[in-house]
Amino acid sequence: MRLLLVEDDRMIGQSLRLGLKQEGHAVDWVYDVAAAQAALAAEQFDTVLLDLGLPLSADGAASASAGLAVLRTLRGRGDATPVIVLTARDALPDRVAGLDAGADDYLVKPFDLDELLARIRAVARRHAGRADSRLGHAGVWLDLATREVSLHGQPVLLSAREFAVLEALLQRPGAVLTRAQLEDRLYGWGEAVESNAVPVYIHQLRKKLGADYIASMRGVGYFLPKAAPP
Ligand code: CA
């Protein structure tokens, strides 16, 4: 998934970004309200992780619930991107205000990375209207909770980035995703995009799932054909 992390604490931000990337998420990290507003106006994210105590701009001091402005702006223009609020332990009124302003969930610091990962999956699932954590198509099942993938009931081992590419394709079987859209799912800002990375992951996935499982539309992108492969 492509995540926006809004967190002014460099230590917390760095460890979160590292942990999320290791799970195969693309993470863009901003430190203040203005940068978060700009990012959300320019790009589509799968989930936003929003600290509330933030500076308003790069050279400002943090103020207690400034992060709520990000949430209010987002919801104010009808954007339903899932938002998980990250709050300090003693900030109950902020938490209530966050939920009232349209947050999907909240976590109290300090929290386990595993718990954050589970909350991210849960809000994404609710957002997509799915009842469980699995995505399936034509004999392949991918479980977002256990990160297990199977083909006709047999387990298939994927790298974190192969998993991320397959997850993106499985979210909308039949829909064509461009190479740039898939790169967005794999890399955050400032990360060097390895040239040919997407074709390489597609090649690996075809070796593991069958050559016909992922179709190419020349010059456009990749998709999962509607009919099951023979
Ligand atoms: Ca903060």
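# Close-up views of a predicted model

**View 1. Strands E6 and E7 pair side by side.** In this predicted model, E6 and E7 run parallel and are joined by 4 bridges. Within this pairing, isoleucine 84 stands opposite aspartate 105, which belongs to E7. Of the 5 residues of E6, 5 are buried, so the strand is largely enclosed by the rest of the structure. The covering applies to both faces of E6, because Val83, Val85 and Thr87 are buried on one side, while Ile84 and Leu86 are buried on the other.

View 2. Strand E3, which spans residues 47–51, is mostly covered, with 5 of its 5 residues buried. Thr47, Leu49 and Asp51 are buried on one side of this strand, and Val48 and Leu50 are buried on the other, which leaves both faces of E3 covered. Strand E1 (residues 2–6) runs parallel to E3 and is joined to it by 4 bridges, and in this pairing leucine 5 stands opposite leucine 49 of E3. E3 also pairs with E6, again in the parallel sense and over 4 bridges. Here the bridge partner of leucine 50 is valine 85 in E6.

**View 3. Helix H2 has a buried face.** Helix H2 covers residues 33–42, and its buried residues are Val33, Ala36, Ala39 and Leu40. When the helix is seen down its axis, these buried residues fall within an arc of 125°, so they line one face of H2. Which exposed residues are carried by the face of H2 turned away from its buried side? They are Ala41 and Ala42. The buried residues of H2 are covered by elements that include E1, strand E2 (26–30), E3, strand E4 (54–55) and H3.

**View 4. Helix H4 also has a buried face.** In helix H4, which runs over residues 92–100, the buried residues are Asp94, Arg95 and Gly98. Seen down the axis of H4, they fall within an arc of 100°, so these residues line one face of the helix. The exposed residues Leu92, Pro93 and Asp100 are carried by the face turned away from the buried side of H4. Among the elements that cover the buried residues of H4 are helix H3 (67–76), strand E6 (83–87) and strand E7 (105–108). After H4 comes glycine 102, a residue with a positive phi, near 110°.

**View 5. Helices H6 and H8 pack against each other.** Helix H6 (residues 160–171) packs with helix H8 (residues 197–209) at an angle of about 80°, and the axes of the two helices are 10 Å apart. That angle makes H6 roughly perpendicular to H8. On the H6 side, the contact is made by Arg161, Glu162, Val165, Leu166 and Leu169, and on the H8 side by Tyr201, Ile202, Gln204, Leu205, Lys208 and Leu209. Sorted by class, the residues of this contact are 7 nonpolar, 1 polar and 3 charged.

View 6. Setting aside residues up to four places away in sequence, tyrosine 201 touches Arg161, Glu162, Val165, Leu186 and Glu194. Tyrosine 201 and leucine 158 are 43 residues apart along the chain, and their C-alpha atoms are separated by 9.8 Å.

View 7. The peptide bond from lysine 109 to proline 110 is cis, and its omega is near -10°. Proline 110 lies in the loop that runs between E7 and helix H5 (113–128).

View 8. Histidine 152 is not a glycine, although its phi is positive, at about 45°. This histidine is found in the loop between strand E10 (149–151) and strand E11 (154–156), and it counts as exposed because its relative accessibility is 61%. Asparagine 196, also a residue other than glycine, has a positive phi near 70°. Asparagine 196 lies in the loop between helix H7 (179–186) and H8, and at 40% relative accessibility it counts as partly exposed.

How values were computed
Residues numbered from 1 in each chain as written. Predicted model: local features only at pLDDT ≥ 70, side-chain atom pairs only at ≥ 80, totals over all residues. Heavy atoms only, no water. Buried < 20%, exposed > 50% of the residue type's maximum accessible area, 1.4 Å probe, protein only. Arc of directions from axis to C-beta. Contact = heavy atoms within 4.5 Å. Axes fitted to C-alpha atoms, helices over the stretch in contact; angles between N-to-C directions. Parallel < 35°, antiparallel > 145°, perpendicular 65-115°, else oblique. Nonpolar A, V, L, I, M, F, W, Y, C, P; charged D, E, K, R; others polar. Pairing = 2+ DSSP bridges.
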